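Let us take a walk through the model below.

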Amino acid sequence: MGKLSVEFVPSVNDRQLLTAYAGEFSDGTPRGWEFIETPQGWEITLPNSAKLNTTHLSLPAAWGETPSVDANTTVLWRNSLAYLPRILQISGSTEAITVAERVVRSFLNWFESRAAADITTLKSGSQDHQSALRLRTLLWILSFLSREERQEEYIRFLALYERLLSVENRLLEELDLYQPNNHGIMLGIAHLHSTTLFPDLHSSSDARTWVERLYATLSEIIDEEGIASENTPIYQVFYVMLLEDIVAFIDWSGKFSGRARMFQLLLRSAQIGVSRQLLPNGAVPPLGDSPGGMQFRFKPVLGHLWSPNNGLAVSSREDEYLSFVAGFRSVIHKQLDDLSIAWWQNGDFILRDAGLLSYDQNNPVAVAMRGPKGHSLPTYSQFDAWTTKNSISYGKNSSRLRGKLLSREVLDHGVKILAELAIDEAPILRRSVHLEFAERITTRDSFTSTRFGDPLVRFLLDPSIKVKLQPDNSVVLERQNFECVAKFESSKPDLSVQLEVRESYVALEHHSLAKTSELIITIPNSKEPVDIVSTFEPIKS
């Protein structure tokens, strides 16, 4: 792409769209941004609580620094530039615009230099997300300046935008950034906005092409059951939001006659997919890469969800909920959670997932939560300390440990589900779950291999649950208005189980921990295949 000529002028219609653009569409970033104006510029608190200041960001060297805490997420928000529109919303003064321009120039000097030397050094797990937000940020600023009739600043930022677009287009093509995941969809939406608002700046693609690409990719991500492929109910909600944004933008722009209807059909399917995964009280369960949480927009659809394609089974009624995870369609946001269950009754979990604390690879608790230690599942002692790095290959969309839902039987008052776990495609473990609504839940874990250490079953308890050990190797689980007896047995009399109660953690929300307890059932030094049967039976008052 050649250098921008100062004579470049968008068409009247495109300029009118651009002027109206700022504030029309969310960039999808979470809450938690904070800003303090100082005599030197602005101090910024990112959604993950990391701190930045615009004086430091005015130095090109700042952009290549690796933060000491929560590095991946901090780099994402820092290099996204998404804080600049928020600063200009607080203060649209000449001084604030000058600060924003200085930060963008500093970033571009570093960005262009890295791309010119070796563009592959810019590859990272969040570069697609960063790219989407940078494009949206500069479009927002250009819209703001056009609306405020600040022509001189507008011309300067338009030149900066073309410089940015030149590198972003290289990243898109040379690093193959557009992929079938939520980051890829955000990137596609950003390029749709860019090609719609500045069609003359794009020689290799146009807005209609991006509409078709987005539809094809979303049709791949959202399957015929309406379930997204990212192993996390909260990302199902996010896909609904992305589809809504696409429909709104298509309608708003007035440039794509009839195309909104295609996305509306996908949107309806995804909305139903959300409702089928919700807890009976409407909350999002903490499955996959999310701590879950209450929401009030979608109403739960109770009953049975059976999706072997996505490795998810759910059975629910007004006062009870069971999820069973085994398998995946994509490893995006996949944890080492195969064969895990979550059991909810009368408003609270009894057995659960730990959720997501953060992606900080230097935080051992956050890392462990995404492995077997963050789930209610059976495993072998050799795998218990594994993390996603031990098993998952994102480039190959594969995992050494992989579950598979095998069968389901819906009963008059419950459900039976069977699944298996394989290592390198060789089956090593089976779990059957029998839920009898309001009566009991029973798991049978069949350890068929002796090559990977001792059989181990973990049940991660909700923080509301108190544990009382009993003399007969059983436990009583208690909280207000709930009491349950849990018993654990070996299928072979000469191989007795050992029960231990340990301290563990769950994520209440991002970056917020709660202590809890976990039940660990093992058969030490087992030299032969064995089953461990676990029964949880509520005591009726």
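Start with a way to sort residues. Ala, Val, Leu, Ile, Met, Phe, Trp, Tyr, Cys and Pro count as nonpolar; Asp, Glu, Lys and Arg count as charged; the others, Gly among them, count as polar. Keep in mind that this model is predicted.

Now look for holes. Searching the whole structure turns up four cavities of 30 Å³ or more. Which kinds of residue make up the lining of the largest cavity? Nine are polar, six are nonpolar and three are charged.

Move on to the second largest cavity. It holds about 120 Å³ of space. Here 14 residues form the lining, and L336, D337, D338, L401 and L421 are the closest to the centre. Strand β9, residues 377-380, gives the most to this lining, with three residues. By kind, the lining of the second largest cavity has eight nonpolar, three polar and three charged residues.

Finally, pick out one residue. T195 sits in helix α8, which spans residues 182-197. Is T195 buried or exposed? Its relative accessibility is 2%, so T195 counts as buried; the cut-off for buried is under 20%. What does its side chain reach? A polar atom of the T195 side chain lies 2.7 Å from the backbone oxygen of H191. The T195 side chain also reaches the backbone oxygen of L192, at 3.2 Å. Leaving out residues up to four places away in sequence, T195 touches H202, S205, D206, A207 and W210.

How values were computed. Residues numbered from 1 in each chain as written. Predicted model: local features only at pLDDT ≥ 70, side-chain atom pairs only at ≥ 80, totals over all residues. Heavy atoms only, no water. 1 Å grid on protein atoms, 1.4 Å probe; cavity = no way out; pocket = protein on both sides within 12 Å on 5 of 7 lines; lining within 4 Å. Points joined across faces, edges and corners; volume = space filled by probe spheres on them. Helix = DSSP H or I, 4+ residues; strand = E, 2+ residues; numbered from the N terminus. Buried < 20%, exposed > 50% of the residue type's maximum accessible area, 1.4 Å probe, protein only. Polar contact = N/O pair within 3.5 Å; in protein donor to acceptor, adjacent residues only side chain to side chain. Contact = heavy atoms within 4.5 Å.
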